[in-house]
Amino acid sequence: MKRTYLKVAVAVLMLSGTTATAQEFDLTFQSVDPAGNPNFAIQKEWTERVHKMSGGRIAIELLPVGSVVEYNETQEAVGSGILDGHITDVSYFSGKDPAFGLIANPIGAWASPDEMFRFINYGGGYELMNELEGPYGLRFVGATTTGLEGFVSDRPLDGVADLKGLKVRAPEGLIQEVFAAAGAVPVNLPYSEVYTSLDKGVIDAADSTVFSTNHQQGLHKVAVHPVYPGFHSMPLVEVAMNLDKWNSMPEDLQEIMTVSVRDFAQDAVARLSINDLKAVAEAKADPSITVHNWPAEERAKFRAIAMGQWSKVAASSENAQKVYDLLTEYLKSQGLLN
């Protein structure tokens with residue numbers, strides 16, 4: 001009898017151990033990128049790492065842009081529980097509050113991804129993002145970025161003066177306001193429509209994504225005057241979850257999600273940068289493409305225009321003022337504001 005009880009006890013322990021490591025959270029996230037985009041592939045690899053790191057307790061199904069809702073509707077979808085999370089450019093929610101546009105892309109603030117990551121992770125940005133998103137039912141898990149973006153154009157661009165009258169695709173919020181202040185005509189379009197819009201002449205240029213992704217997607221075939229390195233944009237791409245879903249997670253899984261996003265951010269930046277250098281060399285070898293590199297004085301002119309818009313955005317909402325105050329205080333403390 002004792003042997004029988006021992007066998008039963010061992011079986012129960014083995015079963016309970018299996019149950020403890022069984023999948024606990026099936027999550028559906030929507031990406032801002034289409035399925036064939038290199039960014040999407042890197043994001044998919046992140047979901048696979050989360051699954052392994054959590055011992056199978058977290059399984060994330062990542063859907064391409066537009067699968068459930070439109071690219072600029074994911075905040076509502078995540079907050080209401082239609083989606084469990086998203087990976088997206090925070091600028092798309094500027095219509096809800098200008099604060100999202102200012103913290104997502106304070107044009108002229110960052111010269112490298114590491115500068116932005118330090119602000120988010122150690123300069124108060126993480127806490128502020130959660131303060132901004134909490135009322136919408138979201139939990140900000142962490143920040144990533146594509147890095148300094150390229151700029152695609154169907155006409156030569158060698159400085160600020162060439163932006164006048166340019167119909168340029170740009171996300172709503174601060175970045176549109178900066179381009180408008182520089183004399184361009186901003187147009188709000190999702191990334192998925194950039195190629196067709198350039199080809200049909202709906203737009204002349206686009207604040208798009210990194211050079212290598214633009215090149216792979218064929219944008220330089222219809223916009224043969226790219227600017228590299230980019231002069232204009234480095235977006236905050238957030239990983240965020242439904243707040244109730246986040247709160248239902250045990251602390252160890254929350255920590256896995258948080259730490260995994262920090263790794264994902266470094267992975268994405270490094271790999272896209274490597275791809276960029278290869279793509280730039282390929283583009284320069286193509287006689288139909290002219291890669292333009294703005295001189296330092298032109299970049300400084302654009303940065304000055306951008307910084308002139310920060311205070312205007314700050315005055316438009318209480319939250320935007322909070323972002324402005326924290327951002328400028330941090331930049332001053334790091335010697336990055338001039």
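Reader: What makes helix 2 a helix that lies across the sheet strands?

Author: In this predicted model, helix 2 (residues 38–53) lies across strand 1, strand 2, strand 3 and strand 9. Contact means heavy atoms within 4.5 Å. The direction of helix 2 is at about 165 degrees to strand 2, on a scale that runs from 0 to 180 degrees.

Reader: Which strands does helix 6 touch?

Author: Helix 6 (residues 125–133) packs on the sheet and touches strand 4 and strand 9. Its direction makes about 140 degrees with that of strand 4.

Reader: Why are strand 2 and strand 4 said to stand at the edges?

Author: The sheet is open, with five strands in the order 2-1-3-9-4 and mixed pairing. Strand 2 (58–63) and strand 4 (138–144) each have a single partner strand, so one side of each lacks a neighbour in the sheet. From one strand to the next, the twist averages 25 degrees.

Reader: How do you know that strand 3 and strand 9 pair?

Author: Pairing requires at least two bridges. Five bridges join strand 3 to strand 9, so by that definition they pair, and they run antiparallel. One of the bridges links G85 to M241 in strand 9.

Reader: Why is strand 9 called largely enclosed?

Author: Buried means under 20% relative accessible area. Six of the six residues of strand 9 are buried, so the rest of the structure largely encloses this strand.

Terms used:
Residues numbered from 1 in each chain as written. Predicted model: local features only at pLDDT ≥ 70, side-chain atom pairs only at ≥ 80, totals over all residues. Heavy atoms only, no water. Helix = DSSP H or I, 4+ residues; strand = E, 2+ residues; numbered from the N terminus. Buried < 20%, exposed > 50% of the residue type's maximum accessible area, 1.4 Å probe, protein only.
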